[in-house]
Structure formats: C-alpha cells, structure tokens
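What follows is a walk through one protein model, written for someone who has not seen it before. Please look over the sequence and the structure, then read on.

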Amino acid sequence: MPLSEHEQRLFEQIERSLAEDPKFASAVRASDPRFHARRRLFLAAAVIIAGLALVVFGTVNKTPLLGVAGFVIMLGAAAFAMQSHRKGQQPDLHVVGGTASRRTRARRSGLLDRLEERWRQRPEGHR
C-alpha cells in the first residue's frame with residue numbers, strides 16, 4: 001500500500017532527523033553484529049602481525065621458543081579472525097521486540113548431502 005503525500009513528507013522528515021542525530025547513529029552502529037565482527041578482524045590482524053614479528057625476532061636471535069610462541073599466537077589469531085569473519089557474514093541475528101534472537105537454520109556439509117543423494121538413487125534391489 002503506497003504512502004500518501006503527507007505520510008511521505010513525514011517519513012522523509014523523520015529520516016532526516018534520524019540521520020542528523022549522532023547519538024542515534026552510534027547506538028545503531030553499536031548494536032550491529034557486523035561492526036563488532038569487523039573490529040575483531042582488525043584486532044586479529046594486529047595480533048597476527050605481532051606474532052609474525054615474534055617469529056622473526058625469535059629467528060634472528062636464535063631463540064626457537066620465542067619463534068614457536070609467535071607461531072602459536074599467529075595461529076590462534078588466524079582462527080579467531082576466521083570465526084569473526086563467519087559471524088560477520090551470517091545474517092542470522094534479527095531483532096524481535098527490542099531483543100536479539102538467533103534464527104536457527106540447518107547447515108549440512110556437502111559430504112552428507114552427496115551420501116544422502118547416493119542413498120536415494122541406489123537400485124531398489126540393493127538393501
């Protein structure tokens with residue numbers, strides 16, 4: 001149902017006032033899960049660089065324990081970054097009545113799908 005001309009003007013006026021409110025913009029940004037995921041990605045990238053610096057420093061100073069520690073830090077930060085990236089890409093959070101709730105969806109691996117399809121297509125005499 002299209003809006004009347006009066007309703008359209010009111011809607012545009014409300015949009016302009018909300019766009020100009022920095023407090024509202026920061027509140028919306030703070031509740032966005034993608035914003036937090038992006039921030040965690042940047043943090044993970046900084047920790048990966050620090051881990052790489054430890055690896056190089058450990059190699060130059062011939063301290064293998066320091067190099068191994070740097071590698072472990074890099075590995076942990078990379079795993080954290082991948083997890084944050086997945087969380088930022090999933091649109092499974094939505095707001096209902098002012099509270100965030102998570103929608104569940106069935107995710108299956110490709111291997112299970114292929115095995116199930118083969119099972120359905122098997123000859124009827126082979127059970």
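Arg-122 is placed in the segment after α5 (110-120). Arg-122 counts as buried because its relative accessible area is 18%; buried means under 20% relative accessible area, exposed over 50%, and partly exposed in between (1.4 Å probe, protein chains only).

This is a predicted model, in which local features need pLDDT of at least 70, side-chain atom pairs count only at pLDDT 80 or more, and totals for chains, interfaces and linings use all residues. Residues are numbered from 1 along each chain as its sequence is written, and side-chain values use heavy atoms, with hydrogens and water left out.

The protein has five helices and two strands. Helices (H or I, at least four residues) and strands (E, at least two) are DSSP runs, numbered from the N terminus. Read from the N terminus on, the order is α-α-α-α-β-β-α. Of the 127 residues in the protein, 9% are buried.

How many salt bridges does a search of the whole structure find? The search finds three, where a salt bridge is a side-chain nitrogen of Lys or Arg within 4 Å of a carboxyl oxygen of Asp or Glu. One of them joins the side chains of Arg-9 and Glu-5 (3.2 Å, N to O). Both residues lie in helix α1 (residues 5-19), four residues apart, about one turn of the helix. Arg-9 is partly exposed at 46% relative accessible area, while Glu-5 counts as exposed at 63%.

In helix α5, Arg-120 meets Glu-116 in a salt bridge (2.4 Å, N to O), and the two are four residues apart, about one turn of the helix. Arg-120 also forms a salt bridge with Glu-117, with the closest N and O atoms 3.0 Å apart. Arg-120 is exposed, with a relative accessible area of 51%; Glu-116 is partly exposed at 28%, and Glu-117 is partly exposed at 34%.

Elsewhere, Leu-43, Val-47, Ile-73 and Phe-80 form a nonpolar patch on the surface, with about 310 Å² of accessible area together. The elements that give two or more residues to this patch are α3 (33-60) and α4 (64-89). Patches are made of residues with over 30% relative accessible area and no salt bridge: like charges are joined within 9 Å, nonpolar side chains (Val, Leu, Ile, Met, Phe, Trp, Tyr) within 5 Å. Accessible areas come from the Shrake-Rupley method with a 1.4 Å probe; for residues, only the protein chains shown count as cover. Ile-73, in helix α4, is partly exposed at 37%.

Ala-44 lies in helix α3 and is buried, with a relative accessible area of 1%. The C-alpha atoms of Ala-44 and Phe-80 are separated by 6.6 Å, although the two residues are 36 residues apart along the chain.
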